[in-house]
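Student: I am new to this structure. Can you walk me through how to read it?

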Amino acid sequence: GDAPEDVAGGLEEAHKLFSLCREESMKVCLLVADAPGHGFHGGHDAHRSHKGVDQRERMIHIVEKLFVEIGAELLFCDCHFNGGRNDNTGMVEEINKVLRPHGTSVDRFGIPGASEKIFLQKIVGQVSYLVQQGSHPVDTDIGTCEPSSP
């Protein structure tokens with residue numbers, strides 16, 4: 001099958017959405033994947049280049065724009081957290097090389113083999129924790145992604 005995921009494409013779509021958000025709003029990107037992004041897979045099916053674009057560089061570029069420039073948080077729900085053919089560790093390490101100098105990193109959690117109920121509970125728990133960490137006692141409005149007023 002087609003193991004690598006188009007993670008960069010998904011993050012580019014998130015960037016478009018977050019560009020509409022008020023600057024002060026909390027921005028959280030939830031990535032759910034069972035394989036690394038194009039350009040990060042170690043096998044023969046790595047999709048390193050597509051239409052002349054290096055997919056690893058494309059991913060690093062959008063990570064910089066989304067999580068460094070805009071300040072979004074990345075929650076990564078890894079369906080293959082325990083390694084194996086589709087291990088995401090290398091991809092996460094590369095993303096963290098970009099994020100750590102800016103005081104942040106990927107919030108990675110695994111759910112291999114989880115039931116639908118456990119899957120949902122774990123995601124809700126992770127998002128709730130992040131919101132609690134980012135919200136302020138005086139102002140709990142974390143904003144919405146709607147176009148700002150001019």
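Tutor: Start with one term: contact means heavy atoms within 4.5 Å. Keep in mind that this is a predicted model.

Student: Which residues is Asp 78 in contact with, leaving aside its neighbours within four places in sequence?

Tutor: Asp 78 is in contact with Ala 33, Asn 88, Arg 108, Phe 109, Gly 110, Ile 111 and Pro 112. Asp 78 has its place in strand β4.

Student: Is Asp 78 buried or exposed?

Tutor: Buried means under 20% relative accessible area. Asp 78 has a relative accessible area of 0%, so Asp 78 is buried.

Student: Which side chains make polar contacts with the side chain of Asp 78?

Tutor: There is one with Asn 88, at 2.7 Å. Another joins Asp 78 to Arg 108, at 2.6 Å.

Student: How do I read a pair of charged residues?

Tutor: Side chains of opposite charge can pair when their charged atoms come close. Here, Arg 108 forms a salt bridge with Asp 78, and the closest N and O atoms are 2.6 Å apart. Arg 108 lies in strand β5 and Asp 78 in strand β4, so the pair ties together parts that are 30 residues apart in sequence.

Student: Is Arg 108 buried or partly exposed?

Tutor: Arg 108 is partly exposed, because its relative accessible area is 22%.

Student: How many salt bridges does the structure hold?

Tutor: It holds six salt bridges. One of them pairs Glu 12 with Arg 58, with the closest N and O atoms 2.8 Å apart. This pair links distant parts of the chain: Glu 12 is in helix α1 and Arg 58 in helix α2, 46 residues apart. Glu 12 has 26% relative accessibility, so Glu 12 counts as partly exposed.

Student: Which residues do salt bridges that share partners join into one network?

Tutor: Asp 6, Glu 12 and Arg 58 are joined that way.

Student: Let's turn to helix α1. How many residues does α1 have, and what does it reach from end to end?

Tutor: Helix α1 has 12 residues. From its first C-alpha to its last, α1 reaches 16 Å, close to the 16 Å expected at 1.5 Å a residue.

Student: Which residues of α1 are buried?

Tutor: They are Val 7, Ala 8, Gly 9, Leu 11, Ala 14, His 15 and Phe 18. These buried residues pack against β1, α2 and α3.

Student: How do I read a nonpolar core?

Tutor: Look for buried nonpolar residues joined through side-chain atoms within 4.5 Å. The largest nonpolar core here has 25 residues. Those with the most contacts inside it are Leu 11, Met 59, Val 63, Phe 67 and Ile 95. The elements that give two or more residues to this core are α1, β1, α2, β4 and α3. The largest share, six residues, comes from α2.

Student: What does Met 59 touch, not counting residues up to four places away in sequence?

Tutor: Met 59 touches Val 7, Ala 8, Leu 11, Phe 40, Met 91 and Ile 95. There is also a second, separate core of six residues, including Leu 75, Phe 109, Ile 111 and Ile 123.

Student: And the cysteines? How many disulfides does a search of the whole structure find?

Tutor: A disulfide is a covalent bond between the sulfur atoms of two cysteines. The search finds zero disulfides. Cys 29 is buried, with a relative accessible area of 8%. Cys 77 counts as buried too, at 0% relative accessibility.

Student: One last stop. Where is Ser 25?

Tutor: Ser 25 is in the loop between α1 and β1. Its relative accessible area is 7%, so Ser 25 is buried. A polar atom of the Ser 25 side chain lies 2.7 Å from the backbone oxygen of Arg 22.

Terms used: Residues are numbered from 1 along each chain as its sequence is written. This is a predicted model: local features need pLDDT of at least 70, side-chain atom pairs count only at pLDDT 80 or more; totals for chains, interfaces and linings use all residues. Side-chain values use heavy atoms; hydrogens and water are left out. Buried means under 20% relative accessible area, exposed over 50%, partly exposed in between (1.4 Å probe, protein chains only). Helices (H or I, at least four residues) and strands (E, at least two) are DSSP runs, numbered from the N terminus. A disulfide is a pair of cysteine sulfur atoms within 2.5 Å. A polar contact is a pair of N or O atoms within 3.5 Å; within protein, one must be able to donate a hydrogen and the other to accept it, and residues adjacent in sequence count only if both atoms are side-chain atoms. The expected span of a helix is 1.5 Å times one less than its number of residues. A salt bridge is a side-chain nitrogen of Lys or Arg within 4 Å of a carboxyl oxygen of Asp or Glu.
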